[in-house]
Amino acid sequence: MNDAKNKDANNANQDTEHVFDIAEYKKVGFIQQKQKDYFAMRLHAVGGDFTAPQLMAIAEVAYTYGKGQVHLSTRQGVEIHYVHYSKLEAAQEKLAAVGITMGACGPRVRIVSACPGSSTCRWGTIDTKEMARYLDEKYFRSDTPHKFKMAVTGCPHNCAKASENDIGIMGGILPEWSSEDCIDCNLCVNACPTLAIHKEENKKESQYLLDEEKCINCSICTKNCPTDAWKEGRAGYIIWIGGTMGKKPRIATRLTGVIEDKEEVYRLVDRTIEYYRAHGRKKERFGHTIERIGEEKVRKEILYGTE
Amino acid sequence: MNNKKISKKVDLTGVRCPMNFVKTKLALEELEKEEFLEAVIDEGEALMNVPRSLKDEGHKIVAVDNNNNGTFTLLIEKGG
């Protein structure tokens with residue numbers, strides 16, 4: 001029987017014959033299949049990024065220790081299926097040699113997913129990968145009442161589905177209008193996806209006003225404005241909390257507007273996770289904790305509370 | 001709509017992204033700098049993307065009219 005080696009100091013080595021400590025295995029991303037001698041190896045990833053040499057190594061491990069089958073998960077992870085329990089350790093070592101460690105299953109923080117963000121996408125307002133790396137380094141695999149998923153997305157197009165995660169960080173801007181550059185083309189009024197901009201008619205000069213309640217911080221106005229009369233006033237991070245899929249899906253609650261200070265974002269993420277650890281029940285997703293306690297109460301406690 | 005002299009008109013209703021932008025760009029190629037093109041596009045994604053693409057190419061939207069029938073009319077000044 002192979003030991004499940006990992007870097008978690010609390011995990012004891014197992015030494016059983018065909019009896020697996022399933023919970024401990026899940027902790028390090030070994031997931032028992034229906035075929036009880038076989039495991040899916042769930043690999044660690046940050047923002048879904050791998051190098052070509054790493055992918056080649058994954059394919060080779062799948063051939064050598066599995067049945068040549070690789071599965072891409074819905075949160076940008078990779079799994080190697082059909083690995084016999086006797087081969088887990090050797091497979092894990094081959095992966096470690098190319099810098100690939102194991103993922104996580106069970107009641108703990110999962111891998112962080114992220115879109116390309118400002119590194120390559122023209123809409124990306126924030127450096128999603130840097131933030132994903134920070135969150136991963138600080139929280140990955142740490143215990144939570146139920147599974148806990150985080151995503152970082154570069155803008156309100158929401159490609160990394162921030163609003164479906166327990167914590168989602170979304171890049172966004174607050175637009176500002178200046179009259180001196182405006183040529184009254186009316187593009188903004190028509191192009192805004194939530195009709196948050198309207199023209200004030202009853203003045204000598206036209207004015208274009210933003211309804212911040214309707215604004216989704218998407219930057220379509222600023223990027224399309226032909227004269228840059230609409231400019232980015234503030235750019236930063238929006239925090240979403242309590243999104244979940246599964247049996248009872250829930251779209252996340254918006255915790256904040258656009259926050260410019262990254263350290264403030266990290267502080268609120270920490271408060272959110274601590275809040276869930278203090279108030280979430282076993283097997284209760286954070287979104288359902290929020291529903292049970294009350295959205296406004298949870299928001300206030302995280303933003304202004306003293307716990 | 002403005003009282004600018006329109007050198008060319010294109011009807012791109014029913015034309016999907018990115019062909020609506022491509023055809024607008026091609027139509028603009030036939031104009032001289034600072035001449036005006038009138039293009040009719042569908043509501044929705046087109047209005048959030050075509051103007052930005054034209055801006056990237058150096059052209060300038062000077063007017064947008066909602067035709068209240070699911071289409072918009074753009075008046076575009078050709079850039080350099």
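**Figure 1. Lining of the second largest cavity in the predicted model.** By class, this lining consists of 10 nonpolar, 2 polar and 1 charged residues. The structure shown is a predicted model. The second largest cavity holds about 70 Å³ of space. It is lined by 13 residues, of which C182(A), C185(A), N186(A), C188(A) and C225(A) are the closest to its centre.

**Figure 2. Lining of the largest cavity.** The structure holds 2 cavities of 30 Å³ or more, and the largest cavity contains about 90 Å³ of space. Of the 14 residues that line the largest cavity, C192(A), C215(A), I216(A), C218(A) and C221(A) come closest to its centre. The lining of the largest cavity comprises 11 nonpolar and 3 polar residues, with no charged residues.

Figure 3. About 1,000 Å³ of space lies in the largest pocket. Its lining is made up of 38 residues, and those closest to the centre are R75(A), R110(A), K147(A), K149(A) and R285(A). Two elements of chain A, helix 1 (22–27) and strand 4 (78–84), each give two or more residues to this lining. Sorted by class, the lining of the largest pocket has 15 charged, 12 polar and 11 nonpolar residues.

**Figure 4. Contact between chain B and chain A.** Chain A contributes 17 residues to the contact, and chain B contributes 14 residues. The size of an interface is often given as the accessible area lost when the parts come together. Here the two chains, B and A, bury about 1,300 Å² between them, and 55% of this area is on carbon and sulfur atoms. Within chain B, the residues that lose the most area to chain A are M48(B), R52(B) and K55(B), which together account for 46% of what that side buries.

Figure 5. On the side of chain B that touches chain A, helix 2 (45–56) and strand 3 (60–66) of chain B each supply at least two residues. Helix 2 of chain B gives the most to this side, with 7 residues. The class composition of the side of chain B that touches chain A is 8 nonpolar, 2 polar and 4 charged residues. Side chains of opposite charge can pair when their charged atoms come close. Across the interface of chain B and chain A, 2 salt bridges are found. In the salt bridge between D228(A) and K55(B), the closest N and O atoms are 2.7 Å apart. K55(B) is also one of the residues of chain B that lose the most area to chain A.

**Figure 6. A salt bridge within chain A.** Over all chains, the count of salt bridges comes to 19. In the salt bridge that K129(A) forms with D49(A), the closest N and O atoms lie 2.8 Å apart. This pair links distant parts of the chain, the two residues being 80 residues apart. K129(A) belongs to helix 4 of chain A, whereas D49(A) is in the loop between strand 2 (38–42) and helix 2 (52–65) of chain A.

**Figure 7. Backbone geometry in two loops.** Most residues other than glycine have a negative phi, and most peptide bonds are trans. In chain B, the peptide bond from C17(B) to P18(B) is cis, with omega near -5°. P18(B) is located in the loop between strand 1 (6–11) and helix 1 (19–29) of chain B. In chain A, R141(A) is not a glycine, yet has a positive phi of about 75°. The loop that holds R141(A) runs between helix 4 (128–139) and strand 6 (150–153) of chain A.

How values were computed
Residues numbered from 1 in each chain as written. Chains lettered and ligands numbered in written order. Heavy atoms only, no water. Contact = heavy atoms within 4.5 Å. Buried area = accessible area lost by both parts, 1.4 Å probe. Salt bridge = Lys/Arg side-chain N within 4 Å of Asp/Glu carboxyl O. Helix = DSSP H or I, 4+ residues; strand = E, 2+ residues; numbered from the N terminus. Nonpolar A, V, L, I, M, F, W, Y, C, P; charged D, E, K, R; others polar. 1 Å grid on protein atoms, 1.4 Å probe; cavity = no way out; pocket = protein on both sides within 12 Å on 5 of 7 lines; lining within 4 Å. Points joined across faces, edges and corners; volume = space filled by probe spheres on them.
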